[in-house]
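Here is a short briefing to read alongside your structure. Take it topic by topic, with the model open beside you.

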Amino acid sequence: MVKNTLNVGRISEGFVLDHIQAGRSMDIYKYLHLDKLDCCVAIIKNAKSSKMGKKDIMKIECPIDFMDLDILGFIDHNITVNIVQDEKVVDKKCLRLPNEIRNVIRCKNPRCITSIEQELDHVFVLTDPENEIYRCKYCEQKYDGRLRRR
Amino acid sequence: MRHLMSPLDFSVEELEKLMNLAGDIEANPEKYAHVCAGKKLATLFYEPSTRTRLSHEAAMLNLGGSILGFSSADSSSAAKGESVADTIRTISCYADICAMRHPKEGAALVASAHSGIPVINAGDGGHQHPTQTLTDMLTIRTLKGRLDNMTIGLCGDLKFGRTVHSLIHALVRYPNVKFVLISPEELKIPSYIRKDVLDRQNIEYEEVVRLEDALPKLDILYMTRVQKERFFNEEDYVRMKDFYILDSKKMELASHDMYVLHPLPRVNEISVEVDKDPRAAYFKQAQYGVYIRMALIMTLLNIEV
């Protein structure tokens, strides 16, 4: 092994997520529910980056229609998503803020109906794209949690 | 099928139509006395409310319809742990339209997603109370003949008062509406209204502490009650509750056609002596609340005369 390099093999089909803010890859692992999928995942933490200093990279081997990547746009829309087929990058997906996110973050307002209603989806709606503000669909409380890029 | 969740659910044009219908109902009540014959309104009140429940029920009875419902969560299946979604699915089998009040914010929206009948949000916690806003708008429009070109004073608890927040949201859609926000420092309008609504839309407003300073400029004075349940300690509440008391002497500072509105119930903020003043419009406002709810029920049930 060459000093300061780490080789991770190519994937035949799936995604390579690049330019992840260093240290956030495990959050993404969690919110993409990768723990529940029977697929090969490589996580590279604190890789050197000329642009970012340090970054995380993820390689996910799975059918490309298998995963909803909208949530990545919510967590950090600066992530580069490379779509791989036959071991080649065939497309780069531009992330955008999703208009709606469902069951990813929870409303923390104790007065919100989501606090008592059984089996109610937690839905947040993008109400101000310019300032990247999401509000609970039910009580309109602003989301000010720590999931998004800091 | 249409529901009413927020006063902004209706466009300005639709509101105009709704208020015109309410005006015709006021002028010709007999014409509308049987238009809802055979229809039922369910009032699902998970928390007590005298005015709002009775006003919806009066509206339906005035239209020749009938009513059923409950007036507290204890007397409903909610006490057994039934979800809002299940309750509304069941009620949809019994009634043609429903008005729901619930202490949790967004409850009416959940109901509307599972309902087979139109749902009127009759108050969901501190979130929305659209029929109160429609009432306020109809009252202003009837008394002043317009909703535009107006200076409106909002006085009292501007921090927690949802009627004030809703009214601002609804009125900024009309041209040349100015606000004078009258409150003690501790109860000033929250920044999400000041910045996100007023500043963003370049609406003219000023914030003052003394009611006397504002009165001469106003076309409408909207008084609110300081609500005890909003305070964490009794001392703060006692200090704030009588901060503003509108009396006959202060009314002398106002113009002859500045009407006084209040969503009621009133406590000390309007002295009883003001009731005799022809500009005291808060009880008329309660009457307009019935007319607008009649118009709303007809509109949501697609009943035309």
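Is B:Arg2 buried, partly exposed or exposed, going by the other C-beta atoms within 10 Å? B:Arg2 is partly exposed, because 13 other C-beta atoms lie within 10 Å, and partly exposed covers counts between the 12 or fewer of an exposed residue and the 20 or more of a buried one. Please keep in mind that this is a predicted model.

**Around B:Arg2**

- B:Arg2 sits in the segment that comes before α1 of chain B.
- Leaving aside residues up to four places away in sequence, B:Arg2 touches B:Pro118 and B:Leu300.
- B:Leu54 is 52 residues from B:Arg2 along the chain, and 23 Å separates their C-alpha atoms.

**The two domains of chain B**

- Chain B splits into domain 1, made of 7–128 + 287–300, and domain 2, made of 131–285.
- Between the C-alpha centres of domain 1 of chain B and domain 2 of chain B there are 26 Å.
- Domain 1 of chain B brings 20 residues to the contact, and domain 2 of chain B brings 18 residues.
- On the side of domain 1 of chain B that touches domain 2 of chain B, at least two residues each come from α1 (12–27), β4 (119–124) and α11 (282–300) of chain B.
- With 7 residues, α11(B) supplies the largest share of that side of domain 1 of chain B.
- Sorted by class, the side of domain 1 of chain B that touches domain 2 of chain B holds 12 nonpolar, 6 polar and 2 charged residues.

**How α1(B) meets α11(B)**

- The axes of these two helices, α1(B) and α11(B), come within 8 Å and cross at roughly 120°.
- α1(B) and α11(B) are therefore oblique to each other, since roughly perpendicular stops at 115 degrees and roughly antiparallel needs an angle over 145.
- The crossing in which α1(B) passes α11(B) is right-handed.
- From α1(B), the residues B:Leu18, B:Leu21, B:Ala22, B:Ile25 and B:Glu26 take part, and they meet B:Tyr291, B:Ile292, B:Met294, B:Ala295, B:Leu296, B:Met298 and B:Thr299 of α11(B).
- By class, the contact of α1(B) with α11(B) has 10 nonpolar residues, 1 polar and 1 charged.

**Where chain A meets chain B**

- Chain A puts 11 residues in contact with 12 residues of chain B.
- The side of chain A that touches chain B has 6 nonpolar, 2 polar and 3 charged residues.

**Backbone details to look at**

- Most residues other than glycine have a negative phi, and most peptide bonds are trans.
- A:Glu87 is not a glycine, yet its phi is positive, at about 65°.
- A:Glu87 belongs to the loop between β4 (80–85) and β5 (88–93) of chain A.
- A:Glu87 is exposed, because 10 other C-beta atoms lie within 10 Å.
- A:Glu119, also not a glycine, has a positive phi of about 50°.
- The loop between β6 (100–102) and β7 (123–128) of chain A is where A:Glu119 lies.
- A:Glu119 is exposed, because 6 other C-beta atoms lie within 10 Å.
- In chain B, the peptide bond that runs from B:Leu264 to B:Pro265 is cis, and its omega is near 5°.
- You can find B:Pro265 in the loop between β9 (259–261) and α11 of chain B.

Definitions and conventions. Residues numbered from 1 in each chain as written. Chains lettered and ligands numbered in written order. Predicted model: local features only at pLDDT ≥ 70, side-chain atom pairs only at ≥ 80, totals over all residues. Contact = placed C-beta atoms within 7 Å. Nonpolar A, V, L, I, M, F, W, Y, C, P; charged D, E, K, R; others polar. Domains from an automatic or database assignment. Helix = DSSP H or I, 4+ residues; strand = E, 2+ residues; numbered from the N terminus. Axes fitted to C-alpha atoms, helices over the stretch in contact; angles between N-to-C directions. Parallel < 35°, antiparallel > 145°, perpendicular 65-115°, else oblique. Left-handed = near helix turned anticlockwise from the far one by under 90°.
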